[in-house]
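Here is a short tour of a protein model, written for someone new to reading structures. Keep the 3D view open as you go through the points.

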Amino acid sequence: MSGTRPAPHPTAVSAPFWAGCARHELLLQRCADCTAAVFYPRSTCPSCGSARLDHVPSGGRGTLYSYTVARRATHRRLADRVPYVIAIVELAEGPRLTSTVVGTDPDAVRIGMPLVVDFEDHEGFTVPVFREAP
Ligand SMILES: [Zn+2]
């Protein structure tokens with residue numbers, strides 16, 4: 001995809017997530033002590049406080065938990081995308097992440113719609129996006 005996009009700024013904790021995206025693999029963290037699925041990337045488990053968090057692949061499927069349609073760009077590098085969907089996706093594993101829904105008219109997007117992850121490659125980084133699942 002050739003559009004512009006704000007670039008992520010990976011930290012030591014989030015770098016494995018972004019490296020997964022570059023491989024077109026959506027990663028979550030899984031707590032080795034209480035088995036909680038964790039997103040966003042953290043250094044300690046929000047359920048039990050353990051520091052034993054491993055990055056594991058997500059199945060990449062979920063549902064639209066909530067959304068809004070941005071009709072004015074929220075960042076200058078998104079100006080060519082309006083209108084676009086700002087989505088909170090609830091993954092099948094449980095965690096929610098903020099992303100976007102592509103390939104569906106923003107006015108046809110609906111809460112609860114089944115989604116599957118896809119990836120957009122940009123110069124130097126890759127971001128996860130979601131499409132309506134078939
Ligand atoms: Zn835990």
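In this predicted model, the largest nonpolar core has 21 residues. Among these, Leu64, Ala87, Val89, Val101 and Phe130 touch the most other members.

**The core**
- Helix H1 (15–22) supplies at least two residues of this core, and so does each of the strands S1, S4 (61–70), S5 (84–91), S7 (114–122) and S8 (125–132).
- With four residues, S5 gives the most to this core.
- In soluble globular proteins, nonpolar side chains tend to be buried together.

**A closer look at leucine 64**
- Leaving aside residues up to four places away in sequence, leucine 64 touches Ala87, Val89, Val101, Val109, Ile111, Gly112, Met113 and Leu115.

**A sheet of three strands**
- Three strands form an open sheet in the order S2-S1-S3, and their pairing is antiparallel.
- Strands S2 (37–38) and S3 (53–57) are the edge strands, as each pairs on one side only.
- S1 (residues 27–31) and S3 run antiparallel and are joined by five bridges.
- Look across from leucine 27 and you will find proline 57 in S3.

**The loop with glycine 49**
- Glycine 49 sits in the loop between S2 and S3.
- Is glycine 49 buried or exposed? Glycine 49 is exposed, because 10 other C-beta atoms lie within 10 Å and a residue counts as exposed at 12 or fewer.
- Cysteine 34 is 15 residues from glycine 49 in sequence, and their C-alpha atoms are 9.5 Å apart in space.

Technical notes:
Residues numbered from 1 in each chain as written. Predicted model: local features only at pLDDT ≥ 70, side-chain atom pairs only at ≥ 80, totals over all residues. Pairing = 2+ DSSP bridges. Buried ≥ 20, exposed ≤ 12 C-beta atoms within 10 Å, placed from the backbone. Core = buried A, V, L, I, M, F, W, Y, C linked by C-beta atoms within 7 Å. Contact = placed C-beta atoms within 7 Å.
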